[in-house]
Amino acid sequence: MQFDLLLKGGRLIDPASGLDARRDLAIVNGRITAIDPDIPFERAARVIDATGSIVAPGLIDLHSHVYWGGTSLGVDADRLAAKGGTTTFIDAGSAGAGNFLGFRRHVIERSKVRILAYVNISFAGIFGFSQTVSVGECSDLRLCEPRETVAAVREHADVVVGVKVRSGRHAGGSSGIAPVDLALEAADQAGVPLMAHIDEPPPGRSEVLPRLRKGDILTHCFRPFPNAPVFASGAVRPDMRLARERGVIFDIGHGMGSFDFSVARAMLSEGLAPDVISSDVHLYCVDGPAFDILVCMSKLLALGMPLVEVLRAATQRPAEAIARPELGTLKVGAVGDIAVLRLRPGRFTFVDAVGASLVAEQRLVSDGIVVGGTWWPNEAANDFGDTERFEAHAHETHVDVVSRHFGRG
Ligand SMILES: [Zn+2]
């Protein structure tokens, strides 16, 4: 058989199948067709030399915001994909029932990279979010309408993976726990999981967690005080253990303010590693502190999570969370979505959402990705320095941030 694309000489790590070995991997018609210790290069129309690199399933960023141009916080997924090793972006509720069709038509259907989405319980989606504007989409309960949400989930079932709710003082004002209950009712009726965000109380963690069902996702699981998953002593709160035992999925969702090294250390030391590592990348954290999923994964690696588990949390686990078993693995027959990564040695200073720093001697970088069988190199692969500091920009207006990324007008 003649192959379309051959990745040759890499260390293939597929956490889902347990394979970690030197393997060649070949693709035909967008599907993985062969995995073998030696596939001759003459048999492929195109060969990528993966010597010295890690060949992993394409990363699935379970929590991102990619409704570019339609919401103030959206980033352009195609611009971020190859650099971040990401082949699937899951948008976490940027759009609600009232503006989901625009997201689909103008962004999802036009993107080269794969995009799937949670529908926000709020009809308007996340409409008032920047570094200086914060009007929560759940602060007016008239916007939280389960019938509209269920209809949108059904209408766009091919790209929708669940319902999203942002509960907390920032996203919900004085609404308390009500948006969570409305979102749970919609998720139950539509037969899909719920992704619940928590920020500052109310509602408190102890109100949100017991409501979540097996397969529901708690995002911002390692957020800082208040509403942190650990006591000041570092002991894990009992409701976190109960949630894990019940099968609630813990997702990092780093973002602008939701990842704390000291909380992560406490959780990891008590055996509560995150199920999923996601970036919550949006316009106000793409220049730090989150940057992209690879930076977030590098932070967990620096905190002591083993490489295979870090990769599992960005491939197999998110694929399970969205019930898409054809993604997130490198089995023969699976979708040809691949990340070609590299562990780059150096001296890297990572900064969390509360300004604490952590020095690491390696970080994950991307050589490029394969999406649906097509090679997509990271054009910035040679720009990585070996001493870098990953910290956030100062406060700016929305127009400043957009201009830096996309130019004026
Ligand atoms: Zn988010």
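Colleague: Is Arg211 buried, partly exposed or exposed, and what is its relative accessible area?
Modeller: Please keep in mind that this is a predicted model. Buried means under 20% relative accessible area and exposed means over 50%, with partly exposed in between. Arg211 falls in that middle class, so the answer is partly exposed, with a relative accessible area of 31%.

Colleague: Which residue forms a salt bridge with Arg211?
Modeller: The closest N and O atoms of the pair are 2.7 Å apart. Arg211 sits in the loop between α6 (205-208) and β13 (217-219) and its partner in helix α5 (residues 178-190), so the bridge ties together parts that are 30 residues apart in sequence.

Colleague: Which residue meets Arg404 in a salt bridge?
Modeller: Arg404 is in helix α12, and its partner is in the loop between α8 and α9, 117 residues apart. The N to O distance is 2.5 Å, and the partner is Asp287.

Colleague: How many salt bridges does the structure hold?
Modeller: Besides the pairs above, Glu109 and Arg104 meet in one at 2.9 Å, N to O. Salt bridges that share partners also join Lys8, Arg22, Asp24 and Asp38 into one network. For the structure, the count is 22.

Colleague: Which residues coordinate the zinc ion?
Modeller: Along the chain, the donors follow the spacing H-x1-H-x214-D. His65 lies in the loop between β6 (59-64) and α1 (77-81), and Asp280 in the loop between α8 (261-269) and α9 (293-302), 215 residues apart. His65 counts as buried at 2% relative accessibility, and Asp280 is buried as well, at 7%. At 2.0 to 2.3 Å, the coordinating residues are His63 (NE2), His65 (NE2) and Asp280 (OD).

Colleague: Where does the largest pocket lie, and which domains give residues to its lining?
Modeller: The largest pocket has a volume of about 720 Å³. Of the 39 residues that line it, the closest to its centre are Phe129, His170, Met256, Gly257 and His282. Both domains give residues to the lining, so the pocket lies between domain 1 (5-56 + 332-400) and domain 2 (59-329).

Colleague: How do the lining residues of the largest pocket divide into nonpolar, polar and charged?
Modeller: Elements that each supply at least two residues of the lining include β11 (160-167) and α12 (398-406). By class, the lining divides into 13 nonpolar, 17 polar and 9 charged.

Conventions
Residues are numbered from 1 along each chain as its sequence is written. This is a predicted model: local features need pLDDT of at least 70, side-chain atom pairs count only at pLDDT 80 or more; totals for chains, interfaces and linings use all residues. Side-chain values use heavy atoms; hydrogens and water are left out. Donors are N, O and S atoms within 2.8 Å of the metal (3.2 Å for Na, K and Ca); water is not among the atoms, so sites may look incomplete. Helices (H or I, at least four residues) and strands (E, at least two) are DSSP runs, numbered from the N terminus. Buried means under 20% relative accessible area, exposed over 50%, partly exposed in between (1.4 Å probe, protein chains only). On a 1 Å grid over the protein atoms alone, a cavity is a set of points where a 1.4 Å probe fits but cannot get out, and a pocket is an open set with protein on both sides within 12 Å along at least five of seven lines; lining residues have an atom within 4 Å of a point. Grid points are joined across faces, edges and corners, and a volume is the space filled by probe spheres set on the points. Ala, Val, Leu, Ile, Met, Phe, Trp, Tyr, Cys and Pro count as nonpolar, Asp, Glu, Lys and Arg as charged, and the others, Gly among them, as polar. Domain bounds come from an automatic or database domain assignment. A salt bridge is a side-chain nitrogen of Lys or Arg within 4 Å of a carboxyl oxygen of Asp or Glu.
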